[in-house]
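Please open the model in your viewer and keep the selection tool at hand. The tour below goes from one selection to the next and says what is found at each.

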Amino acid sequence: MRYLIKNFFNKNSFYSQSTYTEALNAMVRGEKSKSISLLKDVVKNDTNHIQAYLQLGNILRDDNPEQALKIHQSLTVRPNLNSDMTVDIHKSLALDYDILGDAKKSKHEIEKILIIEKRNIWALSSLIKISESEKDWDQAAKLSKRLQKITGKNNKENFAQFEVYKGLENLDKGLFNEAKIFFQKAIKIAPEYSLSYKYLGNIYEQTRDLVSALKNWELFAIKDLKNSYTV
């Protein structure tokens, strides 16, 4: 009797995994309807197949984000989830909330990922984009520093860019001296980042220091020949 029960579950598990693999192949081929049908079949036969639920929600997200969210939310209360699976669930929830237009909850799910996995590149990259959309340049710079430390890619122009954005915000407010400080700081961080010179030249033009304006515009034109016509 024990053998029969064990054999039944082994066959059921094999069927579920085989069907799940077939569903993934259908996804790769772009056969969305077939993949959904196969994944539904998997979870019907094996309610513990978390990956199948996860992928089913991911496929449904574009056409039915509310249903995708419900599926992914139901997974958060499952017992004995390992850290990798928990991260995948929070990532899916973040994408669900994003497509539903709830930026706050999406950000919260991404932050949960970094609590579990501090070096998660996707989460850090996503939070950088959010910080940029919120014009929180200091936070964007801080996160970029963390990301570059993990990837080993040192791109100083990213940090110079954030200083330029700060300068532009002050420039829009008519705060020329404050804007100038940020542009000069950007030049110090990354001398080859051309836009710093362009906007610094613009400030000098507006403050009637045309010699300094021309000097900075020339530097911009030399460093960015393609867009040199803009000055």
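Begin by selecting helix H7 (residues 121-133) and helix H8 (residues 137-151), which pack at an angle of about 160° with their axes 8 Å apart; axes are lines fitted to C-alpha atoms, for helices over the stretch in contact, and angles run from 0 to 180 degrees between N-to-C directions. The two helices are therefore roughly antiparallel to each other, a term used for angles over 145 degrees. Show side chains next: the contact (heavy atoms within 4.5 Å) involves residues including Leu124, Leu127 and Ile128 of H7 and Trp137, Leu143 and Leu147 of H8.

This is a predicted model, in which local features need pLDDT of at least 70 and side-chain atom pairs count only at pLDDT 80 or more, while totals for chains, interfaces and linings use all residues. Residues are numbered from 1 along each chain as its sequence is written, and side-chain values use heavy atoms, with hydrogens and water left out.

Now select H10 (residues 176-189), where Ala179, Lys180, Phe183, Ala186 and Ile187 are buried, that is, under 20% relative accessible area with a 1.4 Å probe and protein chains only, whereas exposed means over 50% and partly exposed in between. Seen down the axis of H10, the buried residues fall within an arc of 120°, so they line one face of the helix; the arc is that of the directions from the helix axis to the C-beta atoms. These buried residues pack against helix H9 (156-172) and helix H11 (195-206), while the face turned away from the buried side carries the exposed residues Asn177, Ile181 and Lys188.

Finally, select asparagine 64, in the loop between helix H3 (50-60) and helix H4 (65-75), which is partly exposed at a relative accessible area of 32%. Helices here are DSSP runs (H or I, at least four residues), numbered from the N terminus.

Technical notes: Parallel < 35°, antiparallel > 145°, perpendicular 65-115°, else oblique.
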